[in-house]
Amino acid sequence: MDIQLWKEILLPYQMAVSEITLKFNGIISEHRNFGTYSPIEQVNGRVKKISSILEKCQKKGTSVDDIENNIEDIAGIRIICQFVEDIYKVVDMIKNRSDFEIIQEKDYITNQKESGYRSYHLIALYEVQMLSGPKKVKVEIQIRTLAMNFWATVEHSLQYKYKHNIPPHVRKKLSNAADAIITLDEQMSEIREEIADAQNSFQIKANIIADILNTIQNLYSIANKREIVKIQDEFFRVYKTDDLEKLERFSKELDIIAEGYRAQ
Ligand code: 0O2
């Protein structure tokens, strides 16, 4: 296949990966904005390299001419969560969206692979708008925890190093590490509420402070300098108390002051 044809085939997949990563990052931003916990921690996307596509065709014994039907993961999205529970929330969320049509589902968390691999896979159809019109492409979405991702990344590198022939003593260590990852995920789940609460109040505080600083900055163009210095001093005093309620109250009062100036 010549390079121009490869480019033509891969372009809709590149578009799908860019759009989907943007959408999932939007979900993270929206949660941050509202100071709520995001079940999605990180999103990455990639289009499979031509060399890997050729390798996969060879492994599966399928023709390169029909990769769109035979290779499910030309477009790959990886969603990383903090906790196992989040994975199932993300799966439900994706299933309820109108922009994905799920055609296959693999739960390698309940049914761990022999290698020790754990992750939740969805194969979905996603529509992109090409110059020639709408086109549906297959996308593989892998959803896993940070800990599962650590294991899978290390194991993947070893597969590459040993050309898919990992020696038994290394395999054994990987298998023990996979068990440790299960325990780690379970223990993290037990203190999940506490961790999420801590992260939420951190985010809420960061949002309030950003709002206050923004309002003070805007006041510079409308209020008199002495008043602003007084407001700033008051802000530093409230900030030092490390009391979220006081900070919230200060922010509301500041909004009323700013509103008053704007009305003048
Ligand atoms: P790469 O290099 O990550 O892209 P299918 O994709 O359904 O045609 P397969 O392999 O039967 O073929 O599907 P499966 O088992 O769902 O695997 C799809 C992808 O999951 C793999 O893509 C890996 O990314 C990941 N995966 C599956 N098993 C393992 C494992 O044991 N270890 C690691 N580290 N990752 C795994 P590729 O194309 O095999 O690899």
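**Notebook: ligand shell and salt bridges**

I take helices (H or I, at least four residues) and strands (E, at least two) as DSSP runs, numbered from the N terminus. The model is predicted, so I note that local features need pLDDT of at least 70, that side-chain atom pairs count only at pLDDT 80 or more, and that totals for chains, interfaces and linings use all residues. Residues are numbered from 1 along each chain as its sequence is written, and side-chain values use heavy atoms, with hydrogens and water left out.

**Ligand site**

I listed 16 residues around the ligand, of which Lys-48, Lys-56, Lys-113, Ser-115 and Glu-155 come nearest; a residue is near if one of its heavy atoms lies within 4 Å of the molecule. I sorted the shell into nine charged, four polar and three nonpolar residues. Here Asp, Glu, Lys and Arg are charged, Ala, Val, Leu, Ile, Met, Phe, Trp, Tyr, Cys and Pro are nonpolar, and the others, Gly among them, are polar.

I then looked up distances to oxygen atoms of the ligand. A polar side-chain atom of Lys-113 lies 2.5 Å from one. For an N or O atom in the side chain of Lys-106 the distance is 2.9 Å, and for a polar side-chain atom of Arg-46 it is 3.5 Å. I recorded that the protein covers 76% of the 730 Å² of accessible area (Shrake-Rupley method, 1.4 Å probe) that the ligand has on its own.

I found 16 salt bridges in the structure, each a side-chain nitrogen of Lys or Arg within 4 Å of a carboxyl oxygen of Asp or Glu. One of them joins the side chains of Glu-101 and Lys-136, at 3.5 Å from N to O. Glu-101 lies in strand E3 (residues 100-107) and Lys-136 in strand E5, so this pair ties together parts that are 35 residues apart in sequence.

I placed Asp-99 in the loop between helix H4 (84-95) and E3. The Asp-99 side chain makes a polar contact with the side chain of Lys-23 (2.8 Å) and another with that of Arg-97 (2.8 Å). A polar contact is a pair of N or O atoms within 3.5 Å; within protein, one must be able to donate a hydrogen and the other to accept it, and residues adjacent in sequence count only if both atoms are side-chain atoms.
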